[in-house]
Amino acid sequence: MTQALDRLKQSSTAAFTKLQCKECGAEYEPTAQHVCEFCFGPVEVKYDYDVLRRTVSRETIQAGPNSVWRYRPFLPVTTDTPIDVGTGMTPLVEARRLARHLGLKKLYIKNDAVNMPTLSFKDRVVSVALTRARELGFSTVSCASTGNLANSTAAIAAHAGLDCCVFIPADLEAGKVLGTLIYNPTVMAVKGNYDQVNRLCSEVANTHGWGFVNINLRPYYSEGSKTLGFEVAEQLGWQLPDRIVAPLASGSLFSKIYKGFREFVEVGLVSDKHVTFSGAQAEGCSPIAQAYREGRDFITPVKPNTIAKSIAIGNPADGVYALDIARNTNGSIESVNDTEIVEGIKLLAETEGIFTETAGGTTIATLKKLADAGKIDPDEVTVAYITGNGLKTQEAVQGYIGEPLTIEPQLDSFERALERSHTLNRLEWQQVLV
Ligand SMILES: *Cc1c(COP(=O)(O)O)cnc(C)c1O
């Protein structure tokens, strides 16, 4: 650990300097610490933006790797050899058919359903957290997860040769459990909800000295989400969008997209612009949306009950910051029910060929709700963040999709089936059109 600190002090171009409490401003050396000793507020990574202005340009970024590490000066690590498993630089796709369906003109999908290595946005935060964990000398890494984080932590720890023990609620989707076990970490399936898992992990972090990516390493971990802001700005041709729509669990991703945009403005990589922040939660776990609706500036924790398990956090750590951002940007935090979430998944699949999980369904359902209510100007450049892959939450759409037409290996059997399916499709379309 001291080695890493020495290296940091020697390096004259490191923009990453300290940790700072978001509430009282107290500063700390950049170790594994996430809570302020004075006021118990969350601590956040601080940068020297003068150094960034001097050393970073569009060209230096474009000359970097085709991964989140092209933004390394904006990330809280000192090494020149971060753990790079190709995370980030996922496609920003113009969604013309979905836009037409919703009456919009300039709609983009930021598609982290195909992020590497485990097909969710969590690969971003884990790439950063484990690189920092290694710098700080941790040999065992861990996390409290709603599913995707366990996948990412286990996979990237395997790649980096770190010991790994992950904690998940015992009732997760089969794809998320299998997608963790394959990397052979220790998996603790806790009989309880995510908030109980998280509380248990806080105790383990204190007693075992492990690096929990979203607990004692949280200040570093959460910085990884800024890359979702950086990439969109770069992929739009070094411009900010007019609006983003993103899902909230703890509210970290939402808040860090905002921080990413602000840093690019601060350093002069993009010109300043008003961006509206629209947040999406599942009705069965919507403590931030409820606070927004009721005009409160505090969050009342809830017990989650929704198919959108990956974003089912009842006591969101960054909820109040997300609320502030939504309010200050003229945005909102919406909630949609489980039926709308399934319809959102299907709508994105059928219009754009992107199969997202329940969190992405929540985003698309929220986008549709805002568009239907006329709250989005059709000319706005809108970016919807799709944060996870549908193959991991197949249970959610079971019973809501068609079935294959089983036929004999003969032409006439095929012809009959085709005729029947045409009739069926026509009927379905008639239902859709009435
Ligand atoms: C974790 C997660 C989120 C949101 O995470 P925050 O805690 O709000 O940063 C969104 N989508 C998916 C698929 C996730 O796994």
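Colleague: How far is an oxygen atom of the ligand from a polar backbone atom of Leu 253?

Modeller: This is a predicted model, where local features need pLDDT of at least 70, side-chain atom pairs count only at pLDDT 80 or more, and totals for chains, interfaces and linings use all residues. Residues are numbered from 1 along each chain as its sequence is written, and side-chain values use heavy atoms, without hydrogens and water. A polar contact is a pair of N or O atoms within 3.5 Å. For the ligand oxygen and the backbone atom of Leu 253, the distance is 2.8 Å.

Colleague: Which residue has a polar side-chain atom 2.7 Å from a nitrogen atom of the ligand?

Modeller: The side chain of Lys 122 has an N or O atom 2.8 Å from a ligand oxygen. The polar side-chain atom at 2.7 Å from a ligand nitrogen belongs to Thr 387.

Colleague: What is the average pLDDT of the chain?

Modeller: pLDDT is the predictor's confidence in each residue, from 0 to 100. At least 70 is reached by 95% of the residues, and the chain average is 95.

Technical notes:
A polar contact is a pair of N or O atoms within 3.5 Å; within protein, one must be able to donate a hydrogen and the other to accept it, and residues adjacent in sequence count only if both atoms are side-chain atoms.
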